[in-house]
Amino acid sequence: MIRFLANRLIAALPVLFIVSLLTFVLIYFVPGDVSAELAGPGASAADIARIRSVYGLDSPFHERLLGWYAALAQGDLGQSVLLRRSVTEAILERLPVTLSLTALALVLAIAVGVATGILAAMRVNTWVDQATMTVALAGLSLPDFWLGLVMIYLFAVQLGWLPTGGYVPLTENPVGWLRSMAMPALALALTQIGLLARMTRASMLDVLRQDFMRTARAKGLPNRVVIFKHALANVMIPVITVIGLSVGILLGGAIVIEQVFSIPGVGRLIIGGILRRDFPVIQGGLLLTATVFVLVNLAVDILYAVVDPRVRYDR
Amino acid sequence: MITRRRFHAAVAGAGAAATVVGAPAIAQKKGGEAIVAQQSPPPSLDAQTTSAQHARNITTHIWETLYARDEAGNVVPDLAEGVNISPDGMTYSFKLRKAKFHNGKDMTSADVRASMERYKKVGNSSAVLRDVVAFEAPSPDTFVMKLSKPVPSLLDGISSPRAPFAIMPEEQGGKEANKIDYIGTGPFQFAEYRPDSHVLLRRFDGYVANTAYKERDGFAGRKTAHLDSVRIRFMPEAGARAAALEAGEIHVNELIPTPAAQRLKANRNIRIHEMMPWAFQVIIMNHSQGPMQNLKFRQAIQAVLDYEEIIAIANDGLYRMTHGWQHPGGTYFAGDIGKELYNQKNVAKAKQLLAESGYRGEEIVFLGDSTIANHKGVTEVGTEQLRRLLGINVRAHIVDWPTASSMRLKPEGWHLWALGMGIEPYEGPFNVAGFFAKPQMQTHVEDPILEEAFGRLQSSPQLADRQKAMADLQRRMYDNVTAIKLGDFGIIQGARANVENFKPYRAPRMWDVWLA
């Protein structure tokens with residue numbers, strides 16, 4: 001297993017290198033830089049040139065590229081012009097926000113999605129199946145930003161139960177944190193709940209038709225044991241794959257949700273960086289996102305071995 | 001020519017309460033925290049280095065300037081008691097009033113000198129100080145600027161809130177752009193900045209108010225901080241900002257879309273404030289490319305467009321039709337000059353001009369950005385009109401703001417550019433005219449007639465001569481189709497009903513405001 005992990009991590013390095021290079025090149029050739037944000041619309045070309053010079057944005061491509069990799073080799077993602085701090089510091093400030101939002105949404109998606117899928121499969125072709133799958137399809141179809149705005153209007157403006165947005169750190173006030181995270185996490189999770197419910201239902205129906213399930217029932221095992229011990233273990237392989245994909249989708253979705261709910265997370269950092277051409281922030285943020293994707297894929301592979309005894313990585 | 005806006009009638013019906021907020025009928029109350037929501041975080045909190053509105057909203061609470069603008073935009077003293085200008089117009093001697101920095105230190109001329117020297121190096125509008133050859137501090141309460149030639153616009157320049165000529169402690173003077181400590185003399189002091197979340201300002205109890213005034217007056221006047229703190233939250237989503245105001249989570253919303261304002265005006269807990277005019281809506285003309293080099297082609301565009309349709313759609317009906325390149329009622333307003341060429345909607349004339357121009361179907365790129373809604377609206381509607389009414393081969397090229405802002409600096413790649421000019425007309429004539437003269441020269445082609453008039457505007461010692469220069473500039477801008485001014489548009493702000501004495505201005509001022 002250790003060798004497998006080492007190989008996978010080494011194999012990830014070229015991926016991260018290509019991501020970082022592509023990011024750098026694309027950003028370099030996109031028109032505009034942070035000087036436009038600082039100078040304002042009335043600025044002349046001379047004003048822009050002066051600001052570019054102050055912040056070293058007028059250096060040649062190769063100098064900036066080499067500088068970026070030289071710093072990266074030392075674990076330095078650069079300095080944000082606009083945030084007055086290192087990109088690493090900016091990301092570390094926001095990472096707990098985005099990860100906790102994604103984690104909460106993932107827990108919700110797995111708990112509700114898998115349970116709903118199992119329920120629908122066990123009550124296949126009944127009104128329960130029809131109703132849950134219709135709701136799941138609706139959840140899958142509705143855009144999360146729209147859901148977010150509807151939730152704000154309903155739960156914050158009309159009912160006054162939850163805040164319209166903002167973020168309360170968990171360490172400062174756990175109840176405040178949960179209140180600030182409830183709507184964003186739910187808005188983010190709904191799409192994945194629909195996806196997981198439909199996936200779990202399909203996998204469960206497939207497994208329930210297998211011979212070993214018939215054998216288990218013929219042995220007189222209680223339905224609970226048949227479902228949760230024998231069926232679920234087999235259902236989990238494809239479901240884990242979907243969960244792995246969901247983490248990526250949730251991280252991507254968090255970018256939009258953070259905008260809607262004014263949450264200072266990594267997504268908003270990257271969007272702000274793009275809109276204001278804060279190059280080090282974009283480069284660092286995208287590199288971090290790529291790293292998270294690589295690690296999530298690795299975690300999914302490890303989970304396969306945990307839930308399926310047939311999967312071994314040490315041979 | 002001023003027409004009533006559709007929105008104005010609706011707001012008027014919402015009740016007079018919104019328009020008499022300035023009258024402090026209720027006793028002033030100290031304490032509490034007011035939360036102001038704005039769309040974006042500031043690009044920098046170093047007031048001298050950025051002209052961004054979202055920075056100005058915050059920095060004008062922290063820093064003050066020698067001269068500032070009053071409620072009507074006139075130049076008035078703030079940290080200076082006054083100025084003595086030598087007969088040759090080349091020496092400005094400022095007498096300083098008493099003021100205290102947030103670090104407890106009294107302000108002296110040494111601080112002012114260091115601040116101005118820093119501005120000349122890193123300031124966003126450092127061109128204002130281009131002809132200043134020396135900054136001197138002959139006594140603690142006297143600051144002197146010596147110029148190489150008379151610059152009648154100097155006080156206009158240093159009093160502008162565009163990128164404020166903020167006075168900071170001497171020890172900050174040597175610091176690079178964006179690397180200062182946020183210490184000013186303003187009624188609120190910097191407490192905390194959480195990027196993408198908020199900036200927190202606390203009342204500065206040591207604030208020394210300007211006793212030359214009786215009350216708040218623009219960015220100047222006698223300022224009093226009643227609130228314990230002001231929290232400026234960054235909320236990018238307009239719907240979420242409106243909802244937060246409705247739910248009472250924020251006290252002031254700096255920008256409410258017109259449709260949301262229509263809904264909120266019925267809410268008794270919210271006061272809707274319309275600020276008209278906020279900015280000019282303009283189409284910048286690039287004179288350097290293809291058919292745009294031909295005056296008759298530009299005149300054809302000027303003649304055919306339905307300005308009112310464009311500005312109305314782009315701004316959800318919150319606009320007024322004015323032709324002047326200065327606001328009506330201002331010192332430099334040039335009367336009816338150019339009015340006959342404004343909003344002509346004359347298709348026949350335009351077709352004739354187009355034929356005379358020899359236009360052969362070359363592609364015209366109408367540059368706009370999707371970051372600012374009215375820019376996008378002008379680009380889309382303008383493109384459609386030019387295609388439909390005149391058959392011009394126009395392509396709307398809508399990108400994000402940094403891209404558009406970068407593209408327009410080069411002469412190639414665009415012909416028309418949609419823009420809102422907000423702070424320039426507020427500042428007066430110098431930056432409006434300067435926007436089209438060298439070195440900014442948005443047209444990318446030097447116009448000797450415009451340059452000559454701009455030179456007179458900048459250098460004439462007599463006001464009447466400068467007014468004449470501005471009138472000549474306006475004439476030239478219409479005759480040469482330097483740019484098309486579609487009209488003025490407004491913005492809508494909202495405040496909770498318990499926010500007393502709030503009055504919209506170029507930034508949401510939270511001094512002299514209290515919570516009932």
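Residues are numbered from 1 along each chain as its sequence is written, chains are lettered from A, and ligands are numbered from 1 in the order in which they are written. In this predicted model, local features need pLDDT of at least 70 and side-chain atom pairs count only at pLDDT 80 or more, while totals for chains, interfaces and linings use all residues.

**View 1. Chain B as a whole.**
Chain B has 15 helices and 21 strands. Helices (H or I, at least four residues) and strands (E, at least two) are DSSP runs, numbered from the N terminus. The radius of gyration of chain B is 23 Å, close to the 24 Å of the globule rule for 516 residues, so chain B is as compact as a globular protein of that length. That radius is taken over C-alpha atoms, and the rule is 2.2 Å times the number of residues to the power 0.38. Along the principal axes, the C-alpha atoms of chain B fill a box of roughly 70 × 60 × 35 Å. Of the 516 residues in chain B, 56% are buried. A residue is buried if 20 or more other C-beta atoms lie within 10 Å of its own, exposed if 12 or fewer, and partly exposed in between; C-beta atoms are placed from the backbone. Among contacts in chain B with a separation of 6 or more, 72% join residues 24 or more positions apart. Two residues are in contact if their C-beta atoms, placed from the backbone, lie within 7 Å.

**View 2. An open sheet of 4 strands in chain B.**
The strand order is β4-β5-β7-β6 (chain B), and the pairing is antiparallel. Two strands pair if DSSP finds at least two bridges between them. β4 (80–85) and β6 (132–139) of chain B stand at the edges; each has a single partner strand, so one side of each is left without a neighbour in the sheet. From one strand to the next, the twist averages 20 degrees. Helix α3 (residues 109–122) of chain B packs on the sheet and touches β5, β6 and β7 (142–147) of chain B. The direction of this helix makes about 165 degrees with that of β6(B). Axes are lines fitted to C-alpha atoms, for helices over the stretch in contact, and angles run from 0 to 180 degrees between N-to-C directions.

Strands of a sheet pair through backbone hydrogen bonds, either parallel or antiparallel. β4(B) and β5 (residues 91–96) of chain B run antiparallel, joined by 5 bridges. Here B:V83 has B:F94 of β5(B) as its bridge partner. β5(B) also pairs with β7(B), in the antiparallel sense, over 5 bridges. On that side, the bridge partner of B:F94 is B:F143 in β7(B). β6(B) and β7(B) are antiparallel too, with 5 bridges. B:A134 has B:K146 of β7(B) as its bridge partner. A hairpin of 2 residues links β6(B) to β7(B).

**View 3. Helix α5 of chain B, residues 238–246.**
In this helix, 7 of the 9 residues are buried, so α5(B) is largely enclosed by the rest of the structure. Its buried residues include B:R241, B:L245 and B:E246. B:G248 follows α5(B), and its phi is positive, near 80 degrees.

**View 4. The two domains of chain B.**
Domain 1 covers 40–234 and domain 2 covers 277–491. Domain bounds come from an automatic or database domain assignment. Taken over C-alpha atoms, the domain centres of chain B are 32 Å apart. Their contact takes 10 residues from domain 1 of chain B and 10 residues from domain 2 of chain B. The domain 1 side divides into 3 nonpolar, 5 polar and 2 charged residues. Ala, Val, Leu, Ile, Met, Phe, Trp, Tyr, Cys and Pro count as nonpolar, Asp, Glu, Lys and Arg as charged, and the others, Gly among them, as polar.

**View 5. The two domains of chain A.**
The assignment gives domain 1 (2–87) and domain 2 (88–307) of chain A. In chain A, 25 residues of domain 1 are in contact with 19 residues of domain 2. On the domain 1 side, α1(A) gives the largest share, 9 residues. That side holds 14 nonpolar, 7 polar and 4 charged residues.

**View 6. Where chain A meets chain B.**
Here 40 residues of chain A are in contact with 40 residues of chain B. Elements that each supply at least two residues of the chain A side include α7 (144–158) and α10 (223–260) of chain A. The chain A side divides into 24 nonpolar, 11 polar and 5 charged residues.
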